[in-house]
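Here is a colleague's note to read beside the model. Please keep the structure open and follow the points in order.

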Amino acid sequence: MSKTEIVRLSVSDVRFPTSLEQHGSDAMHTDPDYSVAYVVIETDDGLRGYGLTFTLGKGTEIVVCAVEALSGLVIGKRLDEIVSDFRGFYRELTSDGQMRWIGPEKGVIQLATAAVLNAVWDLWARWEGKPLWKLLVDMDPKKLISCIDFRYITDALTEQEALDILLKGQEGKHQREEQMLTEGYPAYTTSCAWLGYPDQQLKQLCTEALSTGWTRFKVKVGADLQDDIRRCRLIRQMIGPSGTLMIDANQRWDVGEAVTWVTKLAEFRPLWIEEPTSPDDILGHAAISKALAPLGIGVATGEQCHNRVMFKQLLQASALQFVQIDSCRLGSVNENLAVLLMACKFQVPVCPHAGGVGLCELVQHLILFDYICVSASLDNRMCEYVDHLHEHFKSPVIIQDAHYMPPKDPGYSTEMLEESVRRHQYPQGEVWQELQSPAKRARPSTH
């Protein structure tokens, strides 16, 4: 690898006015404007890496500030230095003697870390001329292990155990890779049943989805029980007894309330209840899991799980039956690798979160790697898909027959179209200028 040096890091606040049409709405986040802190790193030989972390509008400017605070740890580094000791570089970003006080490894500073590291991984994959999933699949297991910070998780997964999992995964790897290239990775859709959608829109979207091969659907719940019963009944009737239904409360309930509420929805046979309570309440999730087990309803969580340590505890406490990694909440690929390997050891399926701008583009790489090199299983496994804002990416996801088709372009699929970034930059982009103009209250196009 040449001595490619990072000479510039820029970050933009990019927001899409999705709240205007209630896209993304749930019981706790009623008016989200899907947004990203968008990072571009440039090298002295003209190569660029692109990264992002996902937000819901307000507060993106705080993540931007955090990225700028981290930039001094990145500019001047050589790519070969970073990837030869990626664990060390990860720890340098997450354990700065002063900045870790506002984490550590959680909240805004970890979101910023994810955006920066996502750009570095994109840069590495581009340098190698491979899509990120292929970079990971082709990487020597020992090299992969060297990218992971095992601090705080060795009581659940040692480096040797992780290496053994990867070595075992070498068997049949090429066949699974060919299978993914041919068939793709199974997906489920959340786009039909955002909480703010009226029933007629829900029916129309569900009908369209069924006609294009979708069989797995997620419904947002938690604001009103009678509404939930009506909407779950409607979806279950439309998808039939063989369709897969999941429900998602987005952290709405206390522990006891979650058990009571979900029990009243059990007749619709949901596979899981997602984020039933506070994402920080590990013992609460364990209590809910135990209470719902006799009903055959699992617990899924992870999209707001701060770090690998929390996932470790959720797994140790048998607090979840589905692990939902997020490509932008955890510390990028490095930390997600740790969670994938822990989930494999604890035999809990990984079903990534992807409800947000850019999340589908990123997380598809991670779940492809998980199947090909780690879990080697598709049992009870699927990746979330939402049909919003893909047109703003240079390499948007490709869905065929409700499956993610493996990306072929080099990188992490993180590069956005320059025009989209320009028009949606907040607050100076023309989309936002139009919205703020009293004479132009009509909804602008987000395309």
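Predicted model: local features only at pLDDT ≥ 70, side-chain atom pairs only at ≥ 80, totals over all residues.

**Notes on helices, strands and loops**

1. Helix α7 (residues 159-169) packs against helix α14 (residues 332-345) at an angle of about 80°. Their axes are 10 Å apart. Angles of 65 to 115 degrees count as roughly perpendicular, so α7 and α14 are roughly perpendicular to each other. On the α7 side, the contact is made by Glu 161, Ala 162, Ile 165 and Leu 166. On the α14 side, Leu 341, Cys 344 and Lys 345 take part. Sorted by class, the contact of α7 with α14 has five nonpolar and two charged residues, and no polar ones.

2. Helix α14 has another partner to look at. The axes of α13 and α14 come within 10 Å and cross at roughly 10°. Angles under 35 degrees count as roughly parallel, so α13 is roughly parallel to α14. Arg 308, Phe 311, Lys 312 and Leu 315 are the α13 residues in this contact. They meet Glu 335, Ala 338, Val 339, Met 342 and Ala 343 in α14. By class, the contact of α13 with α14 has six nonpolar, no polar and three charged residues.

3. Now take helix α9 (residues 199-211) and helix α10 (residues 225-239). Their axes come within 10 Å and cross at roughly 25°. That angle makes α9 roughly parallel to α10. The crossing is right-handed. From α9, the contact draws on Asp 199, Leu 202, Lys 203, Cys 206, Thr 207 and Leu 210. From α10, it draws on Arg 230, Arg 231, Leu 234, Ile 235, Met 238 and Ile 239. The contact of α9 with α10 has seven nonpolar, one polar and four charged residues.

4. Turn to the sheet. Three strands form an open sheet in the order β1-β2-β3, with antiparallel pairing. Which are the edge strands? They are β1 (6-15) and β3 (48-55), each of which pairs on one side only. Neighbouring strands of this sheet are turned by 15° against each other on average, direction ignored. Strands of a sheet pair through backbone hydrogen bonds.

5. Val 14 stands opposite Val 36 in β2. Helix α4 (residues 107-128) lies across β1, β2 and β3. To β3, α4 runs at about 150°.

6. Strand β7 (residues 272-274) and β8 pair in the parallel sense over three bridges. Ile 273 has Val 299 in β8 as its bridge partner. In a regular strand the side chains alternate between the two faces of the sheet. In strand β8 (residues 298-301), both faces are covered. Gly 298 and Ala 300 are buried on one side. Val 299 and Thr 301 are buried on the other.

7. Is His 285 buried or exposed? Its relative accessible area is 0%, so His 285 is buried. His 285 is found in helix α12 (residues 282-292). Leaving out residues up to four places away in sequence, His 285 touches Pro 276, Thr 277, Ser 278 and Pro 279, among others. Its contacts also include Val 299, Thr 301, Leu 314 and Ala 319. Two of these names, Val 299 and Thr 301, came up under β8.

8. Check the cis peptide bonds. One joins Gly 103 and Pro 104, with omega about -15°. Pro 104 lies in the loop between α3 (86-94) and α4. The peptide bond from Tyr 426 to Pro 427 is also cis, with omega near 0°. Pro 427 is found in the loop between α16 (418-424) and α17 (430-436).

9. Finish with positive phi values. Ser 318 is not a glycine, yet its phi is positive, at about 50°. Ser 318 is in the loop between α13 (308-316) and β9 (322-323). Ala 376 is a residue other than glycine as well, and its phi is near 55°. Where is Ala 376 found? It is in the loop between α15 (359-375) and β10 (383-385). With a relative accessible area of 39%, Ala 376 is partly exposed.

Note on methods
Residues numbered from 1 in each chain as written. Heavy atoms only, no water. Axes fitted to C-alpha atoms, helices over the stretch in contact; angles between N-to-C directions. Helix = DSSP H or I, 4+ residues; strand = E, 2+ residues; numbered from the N terminus. Parallel < 35°, antiparallel > 145°, perpendicular 65-115°, else oblique. Contact = heavy atoms within 4.5 Å. Nonpolar A, V, L, I, M, F, W, Y, C, P; charged D, E, K, R; others polar. Pairing = 2+ DSSP bridges. Left-handed = near helix turned anticlockwise from the far one by under 90°. Buried < 20%, exposed > 50% of the residue type's maximum accessible area, 1.4 Å probe, protein only.
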